[in-house]
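Hi,

Here is the structure I promised to pass on to you. Have it open while you read, and my notes follow below.

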Amino acid sequence: MTNANLTIDEMATFCKRKGFITKTGEIYGGFAGFWDYLFLGSELKNNLKKSWWDFHVRHRADVEGIDGAIITHPEVWKASGHVDNFSDVFVTCKKCKKPGKVDKNELGKVNCDCGGEYDVQTAKDFELMFKTNIGEDGFGYLRPETAQMIFTNFKAVFEGARMKLPCGIAQIGKSFRNEIAPRNFLFRCREFEQMEMEYFIKPGQKCPHEIPDIEVLVYSEKDQKTNEGPKKMSLKEAHKNKIIKKDWHAYWLGQGLLWFQSLGAKLDNFRIRQHYKEELAHYSTDTWDIEYNFPFGWKELQGIADREDYDLKQHEKFSKENLKVFDEETKEKFLPHVVCEPSFGVERALLVFLYEAYSVGEKGKIILKLNPKLAPIKAAIFPIVKKPEFENIAEEIFKKLKKKFNVIYDKSGSVGRRYARNDEIGTPFCITIDDETLNNKTVTIRDRNTTEQKRVKIEALRYILDDLIDGEIKFEDL
Ligand code: GAP
């Protein structure tokens with residue numbers, strides 16, 4: 001069994017062929033930077049977002065969630081600095097003639113993906129926010145990040161939910177950026193989703209949580225500048241040696257990595273990288289990214305910025321509203337600091353899980369080893385042969401399980417073919433109704449990763465499936 005070396009274009013073709021994702025308006029030739037999630041992709045994406053929400057919001061006592069508007073008051077984006085600062089530099093490649101984007105500090109220093117030099121003469125500022133008409137003569141922006149709705153609603157949520165510092169507010173939702181050069185399938189799109197959290201503290205407050213004991217490649221600003229290369233070490237060590245300065249940063253980087261690990265990703269393909277000074281966003285004093293080793297290189301999955309009180313201060317200034325909180329102990333009023341902003345792209349995380357899961361078995365058969373929590377279809381139910389006595393039981397099981405899980409009923413083709421079809425789309429379990437079922441009301445359940453089969457009672461199926469998906473029991477323990 002190998003983890004195939006699939007190019008990003010081959011991954012896009014696989015996703016389209018199996019019904020995960022396709023270009024929007026495909027029948028009209030597609031629309032660069034916009035994608036449609038089909039019957040499997042939409043389930044996979046929903047499962048991924050639910051898992052992030054459970055891990056980062058539902059299972060924690062210190063985080064609440066919101067769901068803000070996509071088009072917000074234009075003043076929000078003036079206050080946040082996006083109207084003045086959120087732009088890239090547009091350039092054209094001298095060799096392939098295609099448009100490209102560079103950060104302001106990269107002009108004249110980086111080349112196009114084709115290896116050609118960018119023509120500095122073509123450089124111009126390119127605003128990344130989409131503007132849209134509102135009513136007869138108004139306008140608004142499609143939000144380029146979900147974060148600002150968290151800041152503008154901060155006080156309502158903090159007070160309404162009776163939160164205490166340190167605490168976080170999270171949001172999952174669509175963001176839009178008029179990217180100059182959308183590319184690499186889902187990696188850089190114009191419409192995408194973010195899973196973001198703003199974590200607020202009293203200035204100087206220490207992290208009460210333990211830094212997760214995880215080893216990962218750490219690439220500090222210093223090591224990048226001296227061409228030393230990243231070094232493998234534990235997050236605790238990186239913090240102790242002052243490479244990651246704030247305990248909060250080490251903790252939240254750890255939470256991000258733990259979430260990937262909890263869904264089966266191996267951390268060998270991950271690293272954390274510090275932004276160098278010139279690269280920092282206008283609001284950030286220190287940023288660390290979680291990066292993944294994609295076939296097109298190490299790329300950002302998640303940014304974790306220290307935003308201090310930049311945003312709340314700006315919104316206080318522009319809205320003239322008091323956004324300070326009251327400290328019962330010291331009787332002081334102050335603006336909380338956002339010590340960490342874990343900000344993930346849903347599409348990039350989804351690509352990671354597809355790459356981690358895609359493997360090729362005997363005779364070139366594809367097996368998508370998605371964690372059962374992520375798998376779009378949880379189980380496929382087969383009558384072993386097309387005869388009413390088998391089909392009736394299979395249909396009954398299907399109807400019962402369907403109320404709780406996304407399962408499918410499949411009676412076409414050989415059983416081997418049905419297994420293969422399901423392995424390819426990541427279905428973790430296949431349930432077969434056979435001769436023995438007719439005698440003792442048991443079925444076989446097959447594990448996708450090992451192809452091992454166990455016999456279980458029909459009446460217990462629902463609970464067994466639930467526990468297998470949640471990881472409460474292991475298949476080998478059945
Ligand atoms: N609120 C902070 C913020 O938006 P960012 O680094 O610009 O920070 C955060 O974006 C994450 O959103 C990125 O790490 C990436 O995963 C995702 N993202 C950003 N632009 C994207 C794009 N054009 N296509 C897909 N994902 C994108």
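This is a predicted model: local features need pLDDT of at least 70, side-chain atom pairs count only at pLDDT 80 or more; totals for chains, interfaces and linings use all residues.

Residues are numbered from 1 along each chain as its sequence is written, and side-chain values use heavy atoms, with hydrogens and water left out.

What does β6 pair with? Its partner is strand β5 (residues 87–93), in the antiparallel sense, over four bridges. (Strands pair if DSSP finds at least two bridges between them.) V89 is opposite V102 of β6. Five residues lie between the strands of this hairpin, and K97 has a positive phi near 70° there.

There's also an open sheet of three strands, in the order β4-β9-β8, with antiparallel pairing. β4 (71–72) and β8 (131–134) are at the edges with a single partner strand each, so one side of each has no neighbour in the sheet. Four bridges join β8 to β9 (residues 138–142), and I134 has G138 in β9 as its bridge partner.

Now the helices. α2 has 20 residues and reaches 27 Å from first C-alpha to last, close to the 28 Å expected at 1.5 Å a residue (1.5 Å times one less than the number of residues). α2 (residues 39–58) packs against α11 (residues 346–357) at about 105°, with the axes 10 Å apart. Axes are lines fitted to C-alpha atoms, for helices over the stretch in contact, and angles run from 0 to 180 degrees between N-to-C directions. That makes the two helices roughly perpendicular (65 to 115 degrees). Contact means heavy atoms within 4.5 Å; among the residues making it are L44 and L48 of α2 and F353 and L354 of α11.

Finally, is helix α13 (residues 415–424) enclosed or open? Seven of its ten residues are buried, so α13 is largely enclosed by the rest of the structure. (Buried is under 20% relative accessible area, with a 1.4 Å probe and protein chains only.) Y419 and A420 are among the buried ones. Just after α13, G426 takes a positive phi of about 90°.

Cheers

Methods:
Angles under 35 degrees count as roughly parallel, over 145 as roughly antiparallel, 65 to 115 as roughly perpendicular and the rest as oblique. Buried means under 20% relative accessible area, exposed over 50%, partly exposed in between (1.4 Å probe, protein chains only).
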